[in-house]
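Hello,

Here is the structure for your review. My notes follow below it.

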Amino acid sequence: MLRFKGNGVYGAYAIGKASVFKRNGKKVCRRRITSAESEIKRLENAKKQAISQLNSIYEKALHEIGEANAQIFEIHMMMVEDEDYNESILNIIKTQLVNAEYAVAVTGENFAEMFSLMDDSYMQARATDVKDISNRIIACLVNKNDKKIDFNEKIIICADDLAPSETVSLNKDQVIAFVTEQGTGNSHTAILARNMNIPAVVNVGEGFLETVKDADLLIIDGYNGDIIINPDKKTIEEYELKQKRDIEKKELLQKLKGKENITLDGKRINVFANIGSVDNIGAVLLNDAGGIGLFRSEFLYLEKDRFPTEDEQFYAYKKVLESMGAKKVIIRTLDIGADKQIDYFNMDKEENPALGLRAIRICLSNPDIFKTQLRALYRASVYGNLGIMFPMITSENELKTVLSICDEVKKDLKKLNIKYSHKIEIGIMIETPASAIISDKLAPLVDFFSVGTNDLTQYTLACDRQNPKLAPFCDIHNEAIFRLIRYSAESAHKYGKWIGICGELAADTTLTEEFLKMGIDELSVSPSYILKLRDTIRNIDLNSNKSN
Ligand code: PEP
Ligand code: MG
């Protein structure tokens, strides 16, 4: 029994036989040619063939994993036609008088290296895509049929890496899991695995493929990334039990997928998801969230050792918006300070950081940082259904300043002829007692409120949310908090605006009925709580005193 560990990208268990996947990786030879013209013709034919193959893969993906996830193959088709990519191939053929296979292979390697050296993890992951399309064009040039992964029995694929097109071509009835030595949680391969519900572990590291052999028995733990090769009887029994329980739990909740969040007496509520990274979208879709109620954008800043550029932010926001299609995506502007400190902001040390320069206060003190983020958000807005939300608002004037900065950003974009959506909803977090108390003044200025109960609790009860010793004094169900939420809901509705809750209290199902009675329109929770919350909502009868 041997153990390996990687990153689990889709939580589930699999027990089955290994099938080690090796490509027919023949080296591409460099051949001198006499006519560049006829070589370019060969290349054009091969590209046509590659596009037609990608079209079929796109159709399969569209059918199996939906439009948002199939889009990667549209991007592959665009990459095949990319101007810079093609210019490089043609240049190599013409200037070196060499065969098209060689020119494509060299260009593919160069572009993949260029992507992998970029700072942005989304762009790094594109290295796999450019290699994938180059291999496809080469296979068409040498008339090798598209390699299909096809087996006669249920197996667990073990590979160095899998290209997105290989992943989507997997026959879901045969492949019960996959493990790759390389890969990241941000790669499309990982995203596809999540959306295809295939337990997968990536980034297991070198040595795994040298150890595992065809037909070895494997246990895959997609939750924590554990892989066990040839487990003993006791371990098999332990995992069989875990798997059974996991399936039962999921089956029960899966029955609620596609169902409405509606009470027994017919009141509907939106159940959205909270995310901190583009990586979480798979879980959002898998759990059937109606939208994203809180994207904590500060994680884009926290994971870097320098300010993320406007373009880096734009690509992250665009990806989330595109993945969610027409569903609402609420992105909260930078909320750092207090417990979320970032060295490169060079902030002064504060006596009371939770009461200090944090969130919107940092943005208003550093308009350049704020405007960079707003530009990225407005630019991305044309790719989906965006809402922008501002944290830690305490006064009308503060909100008016924020809105005037938004107007400046829009004006600048207009001058540059850069498009942005005119349907963006603007909202604020109600997470300070001040914002709740003057919610009647703030409501006319925005489209929605979202209550941040984590901070609202800490500021209302004067209990540092980071200090575990305050637990006896910090009653998260304190009536003061509910009064503030109730009053904010009344203010929002008085002006025809909607109100949600995105703090942790939104997932507390003992409170769901009370929130519904207050008129809360949306609850935004971690993706894994969505179906449980739906279950609770569907069992509430607001007309009776008791819930079922
Ligand atoms: C909150 O305060 O409830 C909230 C959602 O924001 P964060 O937890 O990111 O401070
Ligand atoms: Mg907060």
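How many aromatic pairs does a search of the whole structure find? It finds 15. Bear in mind that this is a predicted model.

Two of the pairs deserve a description. Phe370 and Phe390 have ring centres 6.0 Å apart. Their planes sit at 75°, so this pair is edge-to-face. It links distant parts of the chain: Phe370 belongs to helix H15 (residues 367-380) and Phe390 to strand S12 (residues 385-390), 20 residues apart. Both Phe370 and Phe390 are buried.

Phe482 and Phe515 have ring centres 6.4 Å apart. With planes at 50°, the pair counts as tilted. Phe482 is in helix H20 (residues 479-494), Phe515 in helix H21 (residues 512-518), and 33 residues separate them. Phe482 is buried at 3% relative accessible area. Phe515 is buried too, at 1%.

There is also a ring cluster. Ring pairs join Tyr301, Phe307, Tyr344 and Phe345.

Charges over rings come next. Lys318 lies over the face of Tyr383, 4.9 Å from the ring centre. Arg379 lies over the face of Phe314, at 4.2 Å from the ring centre.

Last, the metal. Glu431 (OE) and Asp455 (OD) coordinate the magnesium ion (ligand 2) at 2.0 to 2.1 Å. Glu431 lies in the loop between strand S13 (425-430) and helix H17 (433-437), and Asp455 in helix H19 (residues 453-461), so the pair ties together parts 24 residues apart in sequence. Glu431 is buried, with a relative accessible area of 2%. Asp455 is buried as well, at 3%.

Best wishes

Terms used
Residues are numbered from 1 along each chain as its sequence is written. Chains are lettered from A and ligands numbered from 1 in the order in which they are written. This is a predicted model: local features need pLDDT of at least 70, side-chain atom pairs count only at pLDDT 80 or more; totals for chains, interfaces and linings use all residues. Side-chain values use heavy atoms; hydrogens and water are left out. Donors are N, O and S atoms within 2.8 Å of the metal (3.2 Å for Na, K and Ca); water is not among the atoms, so sites may look incomplete. Helices (H or I, at least four residues) and strands (E, at least two) are DSSP runs, numbered from the N terminus. Buried means under 20% relative accessible area, exposed over 50%, partly exposed in between (1.4 Å probe, protein chains only). Rings of Phe, Tyr and Trp (its six-membered ring) pair if their centres lie within 6.5 Å; planes under 30 degrees apart count as stacked, over 60 as edge-to-face and the rest as tilted. A charge sits over a ring if NZ of Lys or CZ of Arg is within 6 Å of the ring centre and within 35 degrees of the ring normal.
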